[in-house]
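Subject: Structure handover

Hi,

Here is the structure I promised to pass on. Please open it alongside this note.

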Amino acid sequence: SVVAGMVMGALLLIVLPWVICKSLRFNAHYSQYRNVPFVFHGRLGEAAMAFLLWPLLGVLTLGILMPYAFYQQQKFIYGNHSYGTAAFDFRATVGAYYSIFLLILGIFVLGGLGAFVAGMVLPLLAFPVLAAMYLVVFAYFVVATSNLNYNNIHVREHRFKAHWRVKSYLWLMLTNTLGMLVTLGFFLPWARVRTARYKARHTSVHAVGDLDSFAAAEREAVGSLGEGVGDLFDIEVGF
C-alpha cells in the first residue's frame, strides 16, 4: 500500500530524533573510562534541527547546504557529550566539511568521465571503474570525516587524536567485503571486530598532565552528583 508506506515513512521521520537521542544516551551511559561514564546531553529539538530540518534545506538547495547539515549533525553528536562533568568542546569548522564534500564531488566527476571513456572503449569496463570510484569515495569520506571529528574534540586541556589512512581503511573494507561474500555473511562478527580494532589503533588521546588524576577527579564529581541515575528510568534504544 502506497498510503501505508507514506504514513509509516512520516512516522519514522517523526520518531527519528527521539531514537537518535535515546541511542546516543544509551551508548554514552554504558561507555566508561576509569569507572567514569560518558554522558550525552542532546535535546530532542536540537536533534530535529540537525537530522530533519537542515537535511531538508540541503535537499531544497540542491545540495549546497548539505555539508552544513552534516556539520550540524556532527556538532550535535560530539558537542553534547561529556566525560563525567567535563563537557566535550567540538571545534571543527564548516569550511572543513565543505572541503571534503567538494573533493568528493571532484572524484565523482573524474570517475564518471573515466567510466564513460572506459565504456566507450570496452563496455564491460564501465562497471568496475564505477565500483572502484565508489569504494575510494566511501573510504575517503569515512577517513576524512573521522579524522576531522576526532582531531577537533577537546575535553578541557586534553584532546583526541586520529590518524586514519585511506589506503589502510580501503584495504580493511575490501578484505571485510570479500570475507562476507566468501562466507555468505558468516564473516560479519570478524569484520566488526577488525573494524573496531582499526578504530582503536588509529585513535588516541593526547593528555596534558596526569590523566589518572583527571579521571579520579571526575569520578569523585560524578559520585557526588549521582550522575546517570535518571537514565535508569529511560527507555533506552541502541543501534
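Below is what turned up in it, topic by topic.

First, the ground rules. This is a predicted model, where local features need pLDDT of at least 70, side-chain atom pairs count only at pLDDT 80 or more, and totals for chains, interfaces and linings use all residues. Residues are numbered from 1 along each chain as its sequence is written, and side-chain values use heavy atoms, with hydrogens and water left out.

**The sheet**

Strands of a sheet pair through backbone hydrogen bonds, either parallel or antiparallel. Here, seven strands make an open sheet with antiparallel pairing, in the order S1-S2-S3-S4-S5-S6-S7. S1 and S7 (203-206) are its edge strands, each pairing on one side only. Strands (E, at least two residues) and helices (H or I, at least four) are DSSP runs, numbered from the N terminus. Two strands count as paired if DSSP finds at least two bridges between them.

Start with S1 (residues 32-33) and S2. They pair in the antiparallel sense over two bridges. Gln32 stands opposite Pro37 in S2. The hairpin of S1 and S2 has two residues between the strands, and Arg34 takes a positive phi near 55° there.

On to S3 (residues 81-83). It pairs with S2 over three bridges, again in the antiparallel sense. Phe38 has Tyr83 in S3 as its bridge partner. S2 (residues 36-40) has four of its five residues buried, so the rest of the structure largely encloses this strand. Buried means under 20% relative accessible area, exposed over 50%, and partly exposed in between (1.4 Å probe, protein chains only).

Further along, S5 and S6 run antiparallel and are joined by two bridges. Val155 has His158 in S6 as its bridge partner.

**Aromatic pairs**

The whole structure holds 24 aromatic pairs. Rings of Phe, Tyr and Trp (its six-membered ring) pair if their centres lie within 6.5 Å; planes under 30 degrees apart count as stacked, over 60 as edge-to-face and the rest as tilted.

Phe88 counts as buried, at 12% relative accessibility.

Another pair is Phe51 and Phe76, also edge-to-face: 6.0 Å centre to centre, 80° between the planes. Phe51 lies in helix H2 (residues 44-60) and Phe76 in helix H3 (residues 66-79), so this pair ties together parts 25 residues apart in sequence. Both Phe51 and Phe76 are buried.

There is also an aromatic cluster. Its members include Tyr33, Phe38, Tyr83, Phe88, Trp164 and Phe214.

**Salt bridges**

How many salt bridges does a search of the whole structure find? Three. The test is a side-chain nitrogen of Lys or Arg within 4 Å of a carboxyl oxygen of Asp or Glu.

- Arg34 and Asp212 meet at 3.1 Å, N to O. Arg34 is in the loop between S1 and S2 and Asp212 in helix H8 (residues 211-225), so the pair ties together parts 178 residues apart in sequence. Arg34 is partly exposed, at 41% relative accessible area. Asp212 is partly exposed, at 41%.
- Glu218 and Arg156 meet at 2.9 Å, N to O. Glu218 lies in H8 and Arg156 in the loop between S5 (153-155) and S6 (158-162), so parts 62 residues apart in sequence are tied together. Glu218 counts as buried, at 2% relative accessibility, whereas Arg156 is partly exposed, at 45%.
- Asp89 pairs with Arg91, the closest N and O atoms being 2.8 Å apart. Asp89 is partly exposed, at 34%. Arg91 is partly exposed too, at 44%.

**The largest pocket**

Its volume is about 1400 Å³. On a 1 Å grid over the protein atoms alone, a pocket is an open set of points where a 1.4 Å probe fits, with protein on both sides within 12 Å along at least five of seven lines; lining residues have an atom within 4 Å of a point. Grid points are joined across faces, edges and corners, and the volume is the space filled by probe spheres set on the points.

The lining has 40 residues, and Ile77, Tyr78, Tyr150, Ile153 and Lys199 lie nearest the centre. Helix H5 (residues 126-150) gives the largest share, seven residues. By class, 26 lining residues are nonpolar, 11 polar and three charged. Ala, Val, Leu, Ile, Met, Phe, Trp, Tyr, Cys and Pro count as nonpolar, Asp, Glu, Lys and Arg as charged, and the others, Gly among them, as polar.

Best wishes
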